[in-house]
Amino acid sequence: MYFKQKSDVIFRNYKEFGYITDNRNFSYKPLSDIGDDIGDKIVSSSGAVFLSVLGREAQTLDQLAEKICMQFIDADIEVIKCDAKEFYSALETEGFVVSGETLQECNEKDVGFSYKRVPHIRGNNLPYIKKPRQPTQDYFERFFGGRPQLTNLHIEITSKCNERCVHCYIPHENKYHSMDSDLFYDILEQCREMNLLHLTISGGEPMLHRNFIDFLRKCNEYNFSVNVLSNLTMLNDAILAEMKKNHLLGVQTSLYSMDAKIHDSITQQAGSFEKTKSGILKLLENDIPLQISCPLLKQNVNSYIDVVKWGKKHDVHVGADYVIIGQYNCDTQNLQNRLSLEDISEILKQRTITDPQYLNKITADAERKEKMRPGDFVCSVCNSSICIAENGNVYPCAGWQGFVVGNIVESSLYNIWNYSKKIRYLRNLKRKDFPKCLQCPDNQFCTMCMVRNANENPAGNPLEVNEFFCNIAKMNRELAINGTAEI
């Protein structure tokens, strides 16, 4: 009997427990997968040992049992074989492991992501697998005594971009530099030492970096889940071939309209629509997980729905979002393209029709937020994720490059994560630090976002509440209570 870990699964050993996850926790999935139970399991310390010997190369049960016995003194190998078979079989039911009577059968069962394949239906666990009652990140925080654990890193490998999108939060005059390749490889090594799970690689346009393919290859070697943010206009056969090799890779791109003139007017690059659309179709043809983003702007407010329909036709989720933030240098000229509150009111009304579950979602979210207290954390920045710019500057989250918490050239990622004064400041912020929000009747329908505050405030103050989004919260409350979204 042969067993192996599936190629699209990540395992991390924390000694006292193990963590195994389906890559759909990080990369994007088609519409057919939306609503599925995404794989995410905590296993016991013994289960962590069993998983640590498994790997992605098929092995016989005898081989696995021998490796496990090396870590358990005086263990009976027959008992270990029985326990291992039961444990691996349970994880196979969960979709994390494959088995076969022959090596060929085992390898053939390791089927990767496909737009044509019916989603796997997960079964039940056995005792080796813990079932935390709280989300995994909450489990991590509880286990590590509240000490933040870095699981997600966003790396901007270049600020260069071949488009000049009218709403971009990165000032166009700053888009001329790329990360030194040795620095990128050093960051990956530090991430491996810190048990990182997921990397987002972005720009600018990341495919402009001369070593982009090598970066993807190294991420694959280090067994990181990878999400690439790209406009796909520079996608070529060599990049596509490397992407196909990594079963832990997904892509996110922006498509603004199915009308080429509208799309190109937003990117300020003639011909960009056809190149991006062609890139999307190539990814679909090669079964590379993809999500399309469609930021809602004044230019495409009357045509974005065509993108949503086109994505649905191809079984790709399209995220249509009206949240546009100011530039990180506090210049808000890009916001002249943002929808007015009147426009957003109409969008919310339409959403209740096109998405029958929308009202249920915002109501459920409001019920959860009702239980929050003044001493609760404001947001998750610097608790599980952080970002690095091409010059080594470390900043809290995408879009907040103006708030530098350290530099990876001058200090290690570990030291910045654990000892940066600015990071500690952000982590210590509580809901009570926003007294206006505590008294607001709409706070259950609002998500406090400090980058939204900072980028639209002349002084970059993250504590100065952004009134624009307060008005949106009010509309969502009216929608949930009265069925209207009036301003």
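A residue is called buried when its relative accessible area is under 20%, exposed when that area is over 50%, and partly exposed in between (1.4 Å probe, protein chains only). By this rule D182, at 59% relative accessibility, counts as exposed. The model is predicted, so to speak of local features a pLDDT of at least 70 is needed, and side-chain atom pairs count only at pLDDT 80 or more, while totals for chains, interfaces and linings use all residues. Residues are numbered from 1 along each chain as its sequence is written, and side-chain values use heavy atoms, with hydrogens and water left out.

D182 sits in helix 6 (residues 181–193), where helices (H or I, at least four residues) and strands (E, at least two) are DSSP runs numbered from the N terminus.

Helix 8 (residues 237–245) has I239, L240, E242 and M243 buried. Because these buried residues fall within an arc of 165° when seen down the axis of helix 8, they line one face of the helix; the arc is that of the directions from the helix axis to the C-beta atoms. D237 and K245, on the other side of helix 8, are exposed.

Most residues other than glycine have a negative phi, and most peptide bonds are trans.

| Residue | Phi | Place |

K15 counts as exposed, at 63% relative accessibility. The peptide bond from G203 to G204 is cis, with omega near 20°, and G204 belongs to the loop between strand 9 (198–202) and helix 7 (212–221).
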